[in-house]
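Trainee: I am new to this structure and would like to go through it step by step. May I put some questions to you?

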Amino acid sequence: MASDTIKTYRFRGGVHPPEEKLTKSIPVRTMPMPDKVFIPLSQHLGAPAKPIVSPGDRVTVGTKIADAGGFVSAPVHSSISGVVKGIVDYPHPAGRNLPAVEIEGDGTDQRDGAVKPRSNPMDLDPGQIKEIIREAGLVGMGGATFPTHVKLSPPEGKPIDTLIINGAECEPYLTADHRLMLDAPDHIVTGAELMGKILGVRRIIIAVEKNKMDAVAALKKAVLGGDTAVVALAVKYPQGAEKQLIKALLDRSVPSGGLPMDVKVVVQNVGTANAVYEAVAENRPLVSRYCSVTGPGIKNPANLVLRIGTPVSKVIEYCGGLTQDVRKVILGGPMMGIAVWDFSVPVMKGTSGILALTEEYLDENREGPCLRCGNCVRVCPMGLTPLMFARHTQLGAFDRAEEFNVMDCIECGCCAYECPAHIPLVHLAKYAKAEIQARRRKAQG
Amino acid sequence: MFESIIVLAGLGLLSALGLGIASRAFHVDTDQRIQTIAGLLPGANCGACGFPGCNGLANAIVSGNGKIEACSAVSDENRKEIARLMGMEAAETVKRVAVIHCNFPAGGVGNKFEYLGVTDCRAANLVAGGPKQCVYACIGLGTCKSVCPFDAVTMGDSGLPVIDPEKCVACGKCVEACPKKIIDLVPVSRMVQVLCSSRDKGARVKKVCSVGCINCMLCERVCPFEAIHVIDNIARIDYEKCRVCGLCLRECPTGTIANLRGWEVVAEIGESCNGCTLCARACPVDTISGTAKERHIVDPERCIGCGICVDQCKRDAVTLVKKTAAVRKAAAAGE
């Protein structure tokens, strides 16, 4: 197998947070169909989808309810069968109310009759596969939710030679990708090959962290040959970050401000590869996903298959509820996830985990003065100096922060995790980036 | 001893000669007016004029690229002095001040969550639009205070910033910095203001705030000048049309509209009144009394100074005067 011959490299920086993979050996269960879903129109990066249903319309599982609102956008499908109640402003993980399609279920879980599996997915031509992927509403399922078909359409003059399938799952607590790799390794491999066909690449690398050797074994078994390799990577956060992954596997560095395609690489999550298989081979759009409901604040942690649009409160309820001392609920992992305050927010295409943390797991110490210890510089996987751009941001000198390359920050959280002075370095970086982008927009008029 | 004096004096003379020659050879002509004008400008280097600091504007004024009016902070006296130096007319500028269109009382708007991040409104706004229940409300972390170059902003007891109209020069720094965009520069003569920015529907506003605009439309209906309109679920005042009568303020059920001016005007009817009763009929608050064909009287205590009577009077008998003076006069007449 090709995997034995692949050399891996080290990326600089990174941290080793406790893994806390509480749910890694719990098999996935499918949560019963919720009686009501709120499917947001903005579940991806780019323009929100445009609704194409009206109140009173009957929908089945997989009925398209909103079309892409532009090239960088993705359609949205109904995740249950029932009746459209309306297009309402509904709480969104972004923190404000955004339009969502409210669907009341009829409990029958009826699927779209026209949906028939395709017997020979690999015989389709690349253009057809891409169109199926676009129509199925696929977005990056690692959390960034960038529309998949856009990533699979590199511009002319940007040849791609390698497709990396990201199964690193380096965030503590999360095990959704791990369980998926165990449950459907053959689907992931076929999905990867389908994407490889679109990109015209022969070399596909499926990368998994060494703490999931059972997944590595399952994937290796599923790989039939060709140039697809399964690689076990060192356990280090953020091993699953795109740029770090490329460095670790290919020893290529994505230039500042650039994209993986600048070094001839496309990276897709294992969840996306599985969704590609489901869309192309089984003709099923993206209406559900694997999600870890975990953390010390959840009574019965679990790995679940969740329908898109299920309110988080219902999921928590299904898992036995929250413990008394829960202090923070996060969508995603503890390092990069977004804290939510309103649990009625729906599960979205990018929701890889629902994490409830209690006080002892949180750092709520007051910010102190910077000690110039250099820990943030040591652990930054992008080779930045977080203390410098943070200080300039605190002083409102955003142009100086920009000179310290704050725009290259990937917001992985290593620096804030290590900072002994508890300085909210990532928040400052996000703040500086938002301000600099606003200024750029203003300068452009 | 003697030698060292000679040597040092010689060295001194030599360097003086060198400097003297250099100052002639490398002389740069500068317009003396630049220094003088820079001295007359406020010197806060706020940048609101669009030039790099006060020196930059002084340069621009002298070279003809900048206008004196670009500086909103310079005093009237200095503006005239600069105009005199430059031999041009200084246009009259309307004095404006910053007004914060949010007025929740202490503890008036609850928090959605506990915010532990960076102490800056712009940073807090990135986290779900800030911790306040009302997404349009002032976050209250004092970014406007920290960017104000004139120390005109202080943080009040209720957690809202307070702007000192005496110190505010309408440079617009806070307007730009506020992530909620609830600060506005308002002409000082238009200080009847809607102190709410919520574009939520009335029911939602009522849930989170006791003084928010619930778009009941009463102000729009009562305004005699069509100066106030509810657009996007929030009452907005057209400063061109507003006559600062304060009728809307009296109607507003939630007390969202406030009178921020320090003085009030009232109508006064002069001797040329022939008792035509037009003013009495037009008065929206019934403060004008008198019998027909006799001079009418305004009750200065109840008059709101809307000026409708002034427009109605065909004989120019009604004028608006500052309230204090009118009350004094009325009191003197009563004696």
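This is a predicted model: local features need pLDDT of at least 70, side-chain atom pairs count only at pLDDT 80 or more; totals for chains, interfaces and linings use all residues.

Trainee: Which residue in the hairpin of strand 7 and strand 8 of chain A takes a positive phi?

Mentor: Five residues lie between the two strands of this hairpin. The positive phi there is near 110°, and the residue that takes it is A:Gly95.

Trainee: Which residue stands opposite A:Val83 in strand 8 of chain A?

Mentor: Strand 7 (residues 82-91) of chain A also pairs with strand 4 (residues 58-59) of chain A, antiparallel and through two bridges. On that side, A:Arg58 stands opposite A:Val83. In strand 8 of chain A, the residue opposite A:Val83 is A:Glu104.

Trainee: Which strands of chain A stand at the edges of the open sheet of six strands?

Mentor: The pairing in this sheet is mixed, and the strand order is 1-14-13-17-15-16.

Trainee: Which residue stands opposite A:Cys291?

Mentor: Strand 13 (residues 288-294) and strand 14 (residues 302-307) of chain A pair in the antiparallel sense over six bridges. In strand 14 of chain A, the residue opposite A:Cys291 is A:Leu304.

Trainee: At about what angle does helix 3 of chain A run to strand 13 of chain A?

Mentor: Helix 3 (residues 176-183) of chain A lies across strand 13, strand 14 and strand 17 (353-358) of chain A. Its angle to strand 13 of chain A is about 130°.

Trainee: How many residues are in the largest nonpolar core?

Mentor: A:Leu219 is one of the residues that touch the most other members of this core. Residues up to four places away in sequence aside, the contacts of A:Leu219 include A:Met181, A:Ile188 and A:Val230. The number of residues in the largest nonpolar core is 219.

Trainee: How many charged residues are on the side of chain A that touches chain B?

Mentor: The contact takes eleven residues from chain A and 13 residues from chain B. On the side of chain A, five are nonpolar and two are polar, and the number of charged residues is four.

Terms used
Residues are numbered from 1 along each chain as its sequence is written. Chains are lettered from A and ligands numbered from 1 in the order in which they are written. Two residues are in contact if their C-beta atoms, placed from the backbone, lie within 7 Å. Ala, Val, Leu, Ile, Met, Phe, Trp, Tyr, Cys and Pro count as nonpolar, Asp, Glu, Lys and Arg as charged, and the others, Gly among them, as polar. A nonpolar core is a set of buried Ala, Val, Leu, Ile, Met, Phe, Trp, Tyr and Cys residues joined through C-beta atoms within 7 Å. A residue is buried if 20 or more other C-beta atoms lie within 10 Å of its own, exposed if 12 or fewer, and partly exposed in between; C-beta atoms are placed from the backbone. Two strands pair if DSSP finds at least two bridges between them. Helices (H or I, at least four residues) and strands (E, at least two) are DSSP runs, numbered from the N terminus. Axes are lines fitted to C-alpha atoms, for helices over the stretch in contact, and angles run from 0 to 180 degrees between N-to-C directions.
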